[in-house]
Amino acid sequence: MTKLTIGAEGALASRRARWAALAIFFVMSTHAAAQPADEPAAPEQEVAIEPVAGDEAIAERIGRILEATGWYRNVGVAVDEGIVFLDGVAGSQDQRTWARDLAARTEGTVAVVNRIEVREEVNWDFAPALLETEALARRIAVALPLIALAVLILPFAWWLSSAIASLMRRVLAPRVEQEFLRNVIARAIAVPVLLLGVYLMLQVAGLTGLAVSLLGGAGVIGIVLGFAFRDIAENFLASLVLSIRRPFRQGDVISVAGFEGVVQTMNTRSTILVTIDGNHAQIPNATVFKSTILNYTAAPARRVTAEVGIGYDASIDDTQRLIAEVLRDHDAILNEPPPMVLVDALGAATVNLKAHFWIDGRTLSPHRVRSSALRLIKRALVEHGVSMPDEAREVIFPQGVPIVRLDEMPPNEVPAPGAAAVPGKPEARTAEPSTEASSAEGGLGNEISELPQDIADATIPEAASGNLLAGDSREH
């Protein structure tokens, strides 16, 4: 039978181990709240029952090493039962951590309590800065040939793009009439050449990442600017399309977006009209492009309509021939196509007729010619006894209506046919002037051509930025 006997030395060692464990637990629990986050929560190595090195030897070894580094001031190392207590001042957090790691890896160390303070001091040593400056100078010297080549590439790319743009303008001059379109096409071809030069410059200089980032950033910036300046871009593209399609020219009389007038100029943002009222209307090119455009100058002939109402007792056929004859005899009305007189509707008291005729819209005013035609038609109808009654309506005479017999009136007071019979009043005049244009109508010329010259020549700041219709006026 084998008995396990524990001697005095074994009992002493066992008691020392238990006391060491209790001491470690007490120290760890006491300093847990005060320790930095980089302190270990447990020993990095197993606690030996029989210490290999004594406490004094451990303290002496760690102290000599810390003093040898020259990083620490007021160094103090104390060891109790393998627990190392470090005191002193370090210049940085890395030095403090290094001291802790040193003590933890020292043979015989059970745990480390790091009480070293960090006090960063101002370092007036310029040696690191000089070393970095020297390294930078060496890198610049190595890259200097590449930088010189990159600096030469950019001006060459700029010159090449300008030369290509000038060449394209000369090539397109006989094919594209408008200078604006020639500039847009030339720049569209020259800009990629310049961008390629910038990309090559960055590549040669060793800035490949910057070149890629620049290209990607240019795309992103283009999208952002496109949303931010959407209206400006829309008007610019509309002006480009209008310059290509040319639905009107400078000096044309057009109607667009509720405005009617003569085209004065068109820039990259808007089209400017001089209205009949003498106002300058600036219409955005996007609105012009999306709207219906009526160009009255593109074709010289313009149809005008005049409405006339005659009585039911009148002959429609005879009245149509009479009105057509008046229109054919009018010098301002074209004979081809010939005038037409059509029955439009049967009204409450009249038969409504519409007379359609054509005039030269470039030189004549449709409003004035219509006024002249209606005046002459009314004169002819009165002369031929064609009635033109008013619409039926109720008329109240509070004092009654006096009745006068015609056979009882003197011969000089008998009213003419169509005139009101009012006792004591002279005969009413029904004849109209036979001239085609009366003084009140002011002639038959186009109102646009009679605008004051100072209105047509008025200076608009925005129009001075460039007229896209310059040199593209229509001959009148």
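This is a predicted model: local features need pLDDT of at least 70, side-chain atom pairs count only at pLDDT 80 or more; totals for chains, interfaces and linings use all residues.
Biologist: What percentage of the residues in the chain is buried?

Modeller: A residue counts as buried when its relative accessible area is under 20%. The chain has 476 residues, and the buried ones make up 31%.

Biologist: How many helices and strands are there in the chain, and what percentage of the contacts between residues at least 6 apart in sequence join residues at least 24 apart?

Modeller: The chain holds 11 helices and 11 strands. Among contacts between residues at least 6 apart in sequence, those joining residues at least 24 apart account for 69%.

Biologist: Which residues of helix 5 are buried?

Modeller: The criterion is a relative accessible area under 20%. In helix 5, the buried residues are Phe-180, Leu-181, Arg-182, Asn-183, Ala-186, Ala-190, Gly-197, Val-198, Met-201 and Leu-202.

Biologist: Which strands stand at the edges of the open sheet of five strands?

Modeller: The strands of this open sheet follow the order 7-6-5-4-8, with antiparallel pairing. Each edge strand has a single partner strand, so one side of each is left without a neighbour in the sheet. The edge strands are strand 7 (280-284) and strand 8 (294-295).

Biologist: Within that sheet, what is the bridge partner of Met-266 in strand 6?

Modeller: Strand 5 (residues 259-266) pairs with strand 6 (residues 270-275) in the antiparallel sense, over five bridges. Met-266 has its bridge partner in strand 6, and that partner is Thr-271.

Biologist: Which residue in the turn between strand 1 and strand 2 has a positive phi?

Modeller: Strand 1 and strand 2 (residues 83-90) pair in the antiparallel sense over seven bridges; among the bridged residues, Ala-78 has Phe-85 of strand 2 as its partner. The two strands form a hairpin with two residues between them. In the turn, the residue with a positive phi, about 55 degrees, is Glu-81.

Biologist: Is Asn-74 buried or exposed, and what is its relative accessible area?

Modeller: Asn-74 has its place in strand 1 (residues 72-80), and its phi is positive, near 55 degrees. Most residues other than glycine have a negative phi. Asn-74 is exposed, because exposed means over 50% and its relative accessible area is 63%.

Biologist: What is the relative accessibility of Ala-257?

Modeller: Ala-257 is found in the loop between strand 4 (253-256) and strand 5. Its phi is positive, near 55 degrees. Ala-257 counts as partly exposed, with a relative accessibility of 35%.

Biologist: Which residue does a cis peptide bond join to Glu-336?

Modeller: Most peptide bonds are trans. Here a cis bond has an omega of about -5 degrees.

How values were computed: Residues are numbered from 1 along each chain as its sequence is written. Side-chain values use heavy atoms; hydrogens and water are left out. Buried means under 20% relative accessible area, exposed over 50%, partly exposed in between (1.4 Å probe, protein chains only). Helices (H or I, at least four residues) and strands (E, at least two) are DSSP runs, numbered from the N terminus. Two strands pair if DSSP finds at least two bridges between them. Contact means heavy atoms within 4.5 Å.
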